[in-house]
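Trainee: Could you take one part of this model and go through it closely, with the cut-offs stated as you use them?

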Amino acid sequence: MAQDGEVSFGEALSSSTKKSKPAADSVSRMLAQAVRSQDSQLLEEALASRAVVRNTVSKLPVNLVVPFLLELVKRVREKPSRIMDLIPWIRATLVIHMAYLASVPNIAETLGGLYEMMEARQGTAEQLHRLQGRLDLMLSHMGMQDEVPDSDDDEMQQVGPATFFEDS
C-alpha cells in the first residue's frame, strides 16, 4: 500500500504504458531503425506521429533519406488513399534534405517512381477539373433553361399572325 505522495508500482506501470505523444527525438530514432531494418510495422508507427513530421525528418540520418522516400512511395502505390497522410512526410523530406538529394548521383532515376506518381496524379487532377468545369457549365445552362420560358412553346400557342402588313 502506497503512502501519501508515493505512487505504487502498479500505478507507475499503468501510467507508463498510457499512450502519449512521442517526441521528435524518439520518433526519429524509431524511423531510422524502421528504415534500416525494413520493419514495416515500426515504420507505420513512426508515420502515425504527424505532429512531429518536420523535427523528425530533420533528425533523419542522410544515408536513410533515399530509402525512406522509396518506402513512402511504395506505401502510396500500395494504397493510394494514404497519400494525404504521407504527403507531409514526402514534402518535409524533400525540403529539408534538398541539398543532400541534389548531391546524390542518379537521384532522378532513383526517385523516378515518385516523379511518375506525382505526374500521373497531376494529369488526373487536370482531367477532373476540366470535367467539373463542363458539368458546372451544363448544370448552369440547364438551370437557365428552367428559369426562362421556352419561346417556341409561346409561338405555337398564338392563334393569329404576329405581324400585319397593309398595302395602300
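Mentor: Of the contacts in the chain with a separation of 6 or more, 74% are between residues 24 or more positions apart, a contact being heavy atoms within 4.5 Å. This is a predicted model, in which local features need pLDDT of at least 70 and side-chain atom pairs count only at pLDDT 80 or more, while totals for chains, interfaces and linings use all residues. Residues are numbered from 1 along each chain as its sequence is written, and side-chain values use heavy atoms, with hydrogens and water left out.

The chain has 10 helices and 0 strands, where helices (H or I, at least four residues) and strands (E, at least two) are DSSP runs numbered from the N terminus. Helix α5 covers residues 65–78, and its 14 residues reach 20 Å from first C-alpha to last, close to the 20 Å expected, that expectation being 1.5 Å times one less than the number of residues.

Among the buried residues of α5 are Phe68, Leu72 and Arg75, buried meaning under 20% relative accessible area, exposed over 50% and partly exposed in between, with a 1.4 Å probe and protein chains only. The largest nonpolar core has 33 residues, and Phe68, Leu72 and Trp89 have the most contacts inside it; such a core is a set of buried Ala, Val, Leu, Ile, Met, Phe, Trp, Tyr and Cys residues joined through side-chain atoms within 4.5 Å. α5 gives the most to this core, with 7 residues. Leaving aside residues up to four places away in sequence, Leu72 touches Leu47, Leu86, Trp89 and Ile90.
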